[in-house]
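Visitor: Hi! Could you walk me through a protein today? I'm new to this.
Guide: Happy to. Let's bring it up and look together.

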Amino acid sequence: MIITTTPSVDGRKIEKYLGVVCGEVISGVNFVKDFAAGLTNFFGGRSGSYENELIDAREQALHELEQRALMMGANAVVGVDIDYEVLGQGGNMLMASVSGTAVILEKQ
C-alpha cells in the first residue's frame, strides 16, 4: 500500500476516493522512561526513551490506518497528516493520530 503525505501519487491517476481514514494510538510513558527523560532534561541531550515512544506510536498508528484503508478496498492513502498530543493527568500519555484519504489508484 502506498501511504503518502502528498495529495496525489506521481504518475498514477486516482480512480476513486473512498473517504477519510484514521489511525490512533495512545500509549503510556512508564516511570523508568519518565525518570530517564528527566535525567536527560537535567544533563542535556536527546531523550532516546521518549523518541522511541514517538516512533513506536507513529508506526502503530500508520499500521492501523493501513489496515482500515485495506478494509475499505483502498490501495493507497494520500494527504496523510500525523499529529501528536500529550494526554492524561500529569501528561503521562502520548497520542499519535494519523489521517488521510483512502483511494484506489489506477493499475500500472
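Visitor: So which pattern does the protein chain follow, read along the sequence?
Guide: Going along the sequence, the pattern is β-β-α-α-β-β. One thing to keep in mind is that this is a predicted model.

Visitor: And how many helices and strands does the protein chain have?
Guide: The protein chain has two helices and four strands.

Visitor: OK, new topic. What share of the residues counts as buried?
Guide: Of the 108 residues in the protein chain, 29% count as buried.

Visitor: Is Glu53 buried or exposed?
Guide: Glu53 is buried, because its relative accessible area is 9% and buried means under 20%.

Visitor: Where does Glu53 sit?
Guide: Look in helix α2, which covers residues 48–72.

Visitor: What about contacts between residues at least 6 apart in sequence: how many of them join residues at least 24 apart?
Guide: In the protein chain, 77% of those contacts do.

Visitor: Where is Met1, then?
Guide: Met1 is in the segment before β1, the strand at 2–3. Met1 counts as partly exposed because its relative accessibility is 36%, which falls between the cut-offs of 20% and 50%.

Visitor: Last one: what is the accessible surface of the protein chain?
Guide: About 6900 Å², with 54% of that belonging to carbon and sulfur atoms.

Conventions:
Residues are numbered from 1 along each chain as its sequence is written. This is a predicted model: local features need pLDDT of at least 70, side-chain atom pairs count only at pLDDT 80 or more; totals for chains, interfaces and linings use all residues. Side-chain values use heavy atoms; hydrogens and water are left out. Buried means under 20% relative accessible area, exposed over 50%, partly exposed in between (1.4 Å probe, protein chains only). Contact means heavy atoms within 4.5 Å. Accessible areas come from the Shrake-Rupley method with a 1.4 Å probe; for residues, only the protein chains shown count as cover.
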